[in-house]
Amino acid sequence: VYDMSGGAWEYVMGYYTGASSTWGASSNSNYAGFSSAPAAKYYDAYGTTTATTACNSGICYGHALSETSGWYSDYANFVGSTSPWFLRGGSSGDATGAGVFCFHSNNGNVGGNISFRVVVLG
């Protein structure tokens, strides 16, 4: 669940596992601040930095990454070692790059145009 209209970037629980085992607790390039990884059911782990091999050496079908990359000119930037967190949606300043299929990477920093949503799982 994320802001699909481009009002603000929204963090989603997608993380590049090759970035750090600390989840940002002590890394200068990853500011998320987790002290340890949450239970695997709460996040999507990506093992490589390319959408075609990120899920157990294959495409992550159903994640709206490789199968929708670049649709409608939306941004499509995959996670990497210095920016291991996924953002979705785009912000109001991203014009045509924002949208339903927009995804981008970030280092976990806060920002005036970055948000998140709490999702309660039962």
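Reader: What makes C55 and C60 a disulfide here?

Author: In this predicted model, the two sulfur atoms of C55 and C60 lie 1.9 Å apart. The cut-off for a disulfide is 2.5 Å between cysteine sulfurs, so the pair C55 and C60 qualifies. The angle about the S-S bond is 105°, and the link is right-handed. A search of the whole structure finds one disulfide.

Reader: Why is C60 called buried?

Author: C60 has a relative accessibility of 2%. Buried means under 20%, so C60 counts as buried. C102 is also buried, with a relative accessible area of 0%.

Reader: Thanks! What makes G97 a buried residue, and which residues does G97 touch?

Author: G97 sits in the loop between β3 and β4. Its relative accessibility is 4%, and the limit is 20%, so G97 is buried. Beyond its neighbours within four places in sequence, G97 is in contact with S73, D74, Y75 and C102.

Reader: Let's turn to the rings. Why is the pair of Y15 and W85 called tilted?

Author: The search finds eight aromatic pairs in the whole structure. In the pair of Y15 and W85, the ring centres are 4.6 Å apart and the planes meet at 50°. Rings pair if their centres lie within 6.5 Å, and planes under 30 degrees apart would be stacked, over 60 edge-to-face. The angle of 50° falls in the rest, so Y15 and W85 are a tilted pair.

Reader: What does the pair of Y15 and W85 tie together?

Author: Y15 belongs to strand β1 and W85 to strand β3, so the pair ties together parts that are 70 residues apart in sequence. Both Y15 and W85 are buried.

Reader: And what makes F78 and F86 an edge-to-face pair?

Author: Their centres are 5.2 Å apart, with 85° between the planes of F78 and F86. Over 60 degrees counts as edge-to-face, and that is the label for F78 and F86. F78 is buried at 16% relative accessible area, and F86 is buried at 1%. F78 and F86 also belong to one aromatic cluster with Y46 and F103.

Reader: How do you know that β3 pairs with β1 and β4?

Author: Two strands pair if there are at least two bridges between them. Strands β1 (residues 9-16) and β3 have four bridges in the antiparallel sense, and R88 in β3 is the bridge partner of E10. Four bridges also join β3 to β4 (residues 103-106), again antiparallel, with S105 in β4 as the bridge partner of F86. Along β3 (residues 85-88), W85 and L87 point one way while F86 and R88 point the other, and all are buried.

Reader: Why does N107 count as buried, and what does its side chain reach?

Author: N107 is in the loop between β4 and β5 (114-116). Its relative accessible area is 17%, and buried means under 20%, so N107 is buried. A polar atom of the N107 side chain lies 3.0 Å from the backbone nitrogen of N109.

Reader: Which elements make up the chain, and how much of the chain is buried?

Author: The chain has zero helices and five strands. Of its 122 residues, 37% count as buried. The chain exposes about 6600 Å², with carbon and sulfur atoms supplying 53% of that area.

Terms used. Residues are numbered from 1 along each chain as its sequence is written. This is a predicted model: local features need pLDDT of at least 70, side-chain atom pairs count only at pLDDT 80 or more; totals for chains, interfaces and linings use all residues. Side-chain values use heavy atoms; hydrogens and water are left out. Buried means under 20% relative accessible area, exposed over 50%, partly exposed in between (1.4 Å probe, protein chains only). Helices (H or I, at least four residues) and strands (E, at least two) are DSSP runs, numbered from the N terminus. A polar contact is a pair of N or O atoms within 3.5 Å; within protein, one must be able to donate a hydrogen and the other to accept it, and residues adjacent in sequence count only if both atoms are side-chain atoms. Accessible areas come from the Shrake-Rupley method with a 1.4 Å probe; for residues, only the protein chains shown count as cover. Contact means heavy atoms within 4.5 Å. Rings of Phe, Tyr and Trp (its six-membered ring) pair if their centres lie within 6.5 Å; planes under 30 degrees apart count as stacked, over 60 as edge-to-face and the rest as tilted.
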